[in-house]
Structure formats: C-alpha cells, structure tokens
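My plan is to start with the overall build, then zoom in, then step back out to where the chains meet.

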Amino acid sequence: MSEYQALQASPFLRRGRILAAVMQALLFASAALSVLITGAIVWVLVTESLPFFTQVPIWDFLTDLQWTPVFTDAHYGILPLLSATLWAAGIAMLVATPLGLILSIYLSEFARPSVREVLKPILEMLAAVPTVVFGYFALLFLTPLAKQFIPGLEGFNLLIPGIVLGIMILPYVVSISEDAMRAVPMALREAAFGLGMSRVQMAFSVIIPGAFSGVTAAYLLGFSRAVGETMVVAIAAGQNPNLTGDPREGAATITAYIVQMSLGDLPHGSLVYSTIFAVGLVLFVITLIFNLLGFFLRRRFREAY
Amino acid sequence: MSGEADLEHAATMRLVRAKRVQDLVFGVIGILVLIVVMGLLVTLVADLLIDGVGRISPEFLTSFPSRRAAGAGVLSAWIGTTLVMLVTAAIAVPLGVGAGLYLEEYAAKNILTDAIEINVSNLAGVPSIIYGLLALGFFVYGLNLGQTVLVGGMVLALLILPIVIVATREALRAVPSGLRESAYGIGANRWQVMWSYILPSARPGILTGAIVGLSRAIGETAPIITIGALTYIAFLPPAPVSATPPWINFDWLNSPFTVMPIQMFNWISRPQAAFHVNAAATGVLLLGMTLLMNGFAIYLRYRLRRLVRT
C-alpha cells in the first residue's frame, strides 16, 4: 500500500469525506427546494380552484361582466377585477416609466460616484417602506389632498393607489435599468463623445439602445410587481368589483378581492373559497409571463457585453 | 481667410454651448425628479409622525387591542412579529445560504442548474399574496397546521428565500478565488473549504442579505391576511422560556398570533378617526423597525466595500 493510499484510507480523512458528501446532498436539497415551492404553488392553485372551474364554465369566467360571487344572483366574470388590476398597474407604469428612465439615466450617466453612493441607499429606503404604510398614505393623506384638485374623485379610487404603486416600484425599476445602463461598455460612450455628442444625446442614442433589453426587462418586472401588489389597492382602491373606464372611481383588484374574502370566515371547500384560488391562478399566470419575459431579456443584455 | 476661420470657430463654440445647455437642462430635470421622489418619502414619514407619534407611549406598547381606540395597544402585535421573525430567520437563512452556496460553488453548468436559476428568479417575482394562497391551501388546510406562528413564519420564509439566495450568491462571488485555491492547496476537501474559508469571508454580505430579507418580511401583510390570521388577538403565545424545567418550550409555535402590519391594516379599515391615529402610531413603529434594519444593512455593506477596496 503506497503512502498515498494509506493516507486516503485514514479514518480522519474518511470522516471528512463523508461529511463533505452529506453536506453536498443537503445543499443540493435546499437548492432543489425552490423548484418544489414553485411546484407546490402551481399544484395548490390548480387543485383548489378545480371545484370552481367544474361549476363555472371558463367562458363565463372570462367574459361575464359581473363579479358577484356572494350574491344570490351569483356572477363569476373576472373582467371587473382584471380591469381594475390593469388600471392600477397601468397608472403605475405611466408614473414609473418616465421617472424611472430619467432617474436611471441620471444615476448612471450624470451623477458623480460620490453622489450615487448617497442616492442609492435613499432609493433603497423607499423600497423598504412596508406596503401597508403606503396604503395608509394613499388613503388618508394623498386622496383627501387630491380631492381638492380633481373633481369627482371618490374616497376609494384607482388613480391615487396607481400613482403610489408607481412610486413603490420606482426603486426596483431604477436599480435594474441602471445596472443595464452601466453594463454598456465605456468605449461606446467614448465613441459617442468623439462624434461630438452631448451627454444627453449619448444617453438617448447610445446608452438606451445599448441597454434596451435590460431596460425593457426592468419595466416588465416592474409591471409584474404592480399587478401583484396587494395592500395599497386593498386599502385605497376599495373592495367593490366595478367594471369602469374612470380611474376616479374605486374598484376591487384581484388582490383586493383575495384580501377581502380572507378577512371573512371562508368555509374550506366552499365555492367562494375556491374563487380566491381561481383569481389567484389568473394573477399567477400574468405575473409568471412578465417575470419570464423579464428574466430572459435581462439575461440577454448580460450576455451581449 | 482668418475671418472664415473665426466664423467656423464661433459656429463650433455655439454648438458646444448648445450641447452644454442640453446637459445642464437634463441634469436639472434629474435632480428635480429626485427631489420630488424624496419629497414624497419625507412627506410620508412626516405625515405618519404627525398623526401617530403622540400616541406612542409605554401603555401603547403594553396593551392589547381593544374596542376603545384610546385604550388599545400593540402588545400582541409586536410580540407576534418578534416570534414570527424568529421562525422566518431560522428557516430562510440556512435554506437560502445552502441554496446559494450550491448554485454558486457546486452546481455544474447543465439544464438542471439552469432550471433552478430561472425558478429562483421567478420566485422572487411571485406576488406575496400568492405565497399566502400557497400557505392557505397547503399549510393551513393540506397539513392542517391552522393559523399559527409556525405557519406565519414559514410563509414569510418562503417569500424571502429568493432574496437570501441572491444575496448569498453575490457575497460568494466577491470572495477572491485565491482563497479557494489556497484552501484546496493545503488539502481541505470541498466542504472544509466552504465552511472554514469561503463562508466566513462571505459572512458580512450574507448577513446584509438576510437583514434586507427580514426587513421585507416584517412589513409583509398580504400573505398573513390570506392565511386567515386577521382576528382579534388579546392574549400572548406561551412564553418560549420559563423559570421551571424544561426551561425552553415550543408551544408558542402552535399559537394563534397577530403581527404589526396586520394590526395597522385592521385599524386603517375602521371608519373612526381615533383608530386611524392608532394605525399611524403602529406605522411609525413599523417604519422605524424596517428603516433601522435597512440602515444597518446599508452600513454593513458600506463597511464591507471599504474593507474590500483597501
């Protein structure tokens, strides 16, 4: 037996090898758990909403204009909830897109490193504010204030929560798009300056096209967040399903409906109980599509440079 | 001849000046947007402070919620939050660090790893209320655990798992590979390298991620509402430590609970203004907790960067 083999066979080293193998298995298990979580989400949403889809034709679910699951004349059309969700998220995007673009260009191209070091933590602080606090702010401060300027604004409305959602997703959108912009190679900037461009021209004709997939990803992911955000709309947009074209009115979003139903006593196994999983499934599918699109776009810009 | 050159020079100067003005204008717009955004943050904090800070008193912290707004307090809420956070941290940190370590240091580049990565990034974007539905269908009814501290802690742990994983991976990526190589060079096996060299030097980064994750969890309301935990809680879970043997017990895990954001939401949804004051006071405490945690995390990261630089 060679010296090497003797060393390999020593109990001390063997114990070490066994521990290493066990730990590797445990680490793999914790990484694989994340896949299990996704699987569990899909499984729970599908199985718990099955009773709903066996009783309500999917065509009614998608086209009925009313959502009144607890009335005696029950209607199960998701359109009112969906339209309110899209209104709120759409208004959020109207706020977050221009502000986010300006802020990310400013942070990546204009601000000095020392300024950026101070500003980014402040943006992170904004992202850290609990959503229920934003809800309080929207309902009890901004809405009464905005009522003085916007005639016809109701106490619960889609406009103000939408704007607050836009501010909430701003730090997130800015941080992803700034990352993408900073990944654009310095040589492209230098070439742009060499052609005599101003910094603004450079930002809009070199940086934004260069970081386009990353910036787009930021907005897709931001939209997905706004769609799934719960507390602000549950508090400030009201809990009344309302298919409306006027954001000054209140309307329950998908998330607000789930919250409203969870507040009451939901008998397990009832049709009403399965409605929250049915609308949850729709919400999950929408956010999944946007998340995946965002993920692949982000990955593309990482590979591009 | 020289006149022409002068003209050309003047034209160039005009062009240069125009471009400088462009940059100046955009810089000003950028700063204005920053001021507006920060102004909103300041207004939010100020509004909350004006409405609520006068309500915070020792009695507020040591009273149970009540029908009378003036006598109500957040005792069960802050104790509930503390206990739930203990469970969340105990689950999310080991699992998150383990998964991060595997993906960054062990995983081969193959389809399985790719799938896990896409999956983690997608989990980070799943709305928190969907985690609440998962917990309702799986923990509360599937496993019949009920609306307990354990279930609340578990659902928040799942929610922040992606944050801990991503932070761990970033921290690991920043560990210089020389450390790894020299540890292997002196004969350490893979786990020994991880445990004795890589993890200790990635610890500040991991800690930062864990704190940021927990500060997110502390303010989460939707998943806790969805599991049906919004009820009137005027009692405390059994104490985790006691003066008599066996000193430590885990009955508190199976106790019903409420948390700070739930208490705040409850008070916001009452019509009476007196309860809104309570909500604002709860908001001040909650905001204070999250900002403190985030401030600490930012400070840690700042110190870490300085250490790496020098």
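Predicted model: local features only at pLDDT ≥ 70, side-chain atom pairs only at ≥ 80, totals over all residues.

**Overall build.** I counted the secondary structure of chain B first: 11 helices and 0 strands. Reading along the sequence, I get the pattern α-α-α-α-α-α-α-α-α-α-α.

I then looked up the dimensions. The C-alpha trace of chain B spans about 100 × 65 × 35 Å along its principal axes. Its radius of gyration is 26 Å, whereas a compact globule of 310 residues would come out near 19 Å.

How much of chain B counts as buried? I found 49% of its 310 residues. I also checked contacts in chain B between residues at least 6 apart in sequence, and 74% of them join residues at least 24 apart.

**One residue up close.** I picked Asn189(B) and asked where it lies. It's in the loop of chain B that runs between α7 (177-185) and α8 (190-219).

Buried or exposed? I had to look up Asn189(B) for that. Its relative accessible area is 18%, so it counts as buried, the cut-off being under 20%.

Next I followed its side chain. On one side, it reaches the backbone oxygen of Gly16(A) at 3.1 Å. A polar atom of that side chain also lies 3.2 Å from the backbone nitrogen of Trp191(B).

Which residues does Asn189(B) touch, leaving aside its neighbours within four places in sequence? My list reads Gly16(A), Arg17(A), Ala20(A) and Tyr184(B).

**Where the chains meet.** Those chain A names sent me to the interface. I found 78 residues of chain B and 81 residues of chain A taking part in the contact. Between them, about 7100 Å² is buried, and carbon and sulfur atoms give 77% of that area. In chain B, the residues that lose the most area to chain A are Phe26(B), Leu133(B) and Trp191(B), together 9% of what that side buries.

How many salt bridges cross between chain B and chain A? I found 1. Asp114(B) pairs with Arg299(A) there, with the closest N and O atoms 3.0 Å apart. For polar contacts across the interface, I noted 13 residue pairs.

Last, I checked what makes up the side of chain B that touches chain A. Helix α1 (residues 2-52) gives the largest share, 19 residues. By class, I wrote down 48 nonpolar, 20 polar and 10 charged residues on that side.

Note on methods
Residues numbered from 1 in each chain as written. Chains lettered and ligands numbered in written order. Heavy atoms only, no water. Helix = DSSP H or I, 4+ residues; strand = E, 2+ residues; numbered from the N terminus. Buried < 20%, exposed > 50% of the residue type's maximum accessible area, 1.4 Å probe, protein only. Polar contact = N/O pair within 3.5 Å; in protein donor to acceptor, adjacent residues only side chain to side chain. Contact = heavy atoms within 4.5 Å. Buried area = accessible area lost by both parts, 1.4 Å probe. Salt bridge = Lys/Arg side-chain N within 4 Å of Asp/Glu carboxyl O. Nonpolar A, V, L, I, M, F, W, Y, C, P; charged D, E, K, R; others polar. Rg over C-alpha atoms; globule rule 2.2 N^0.38 Å.
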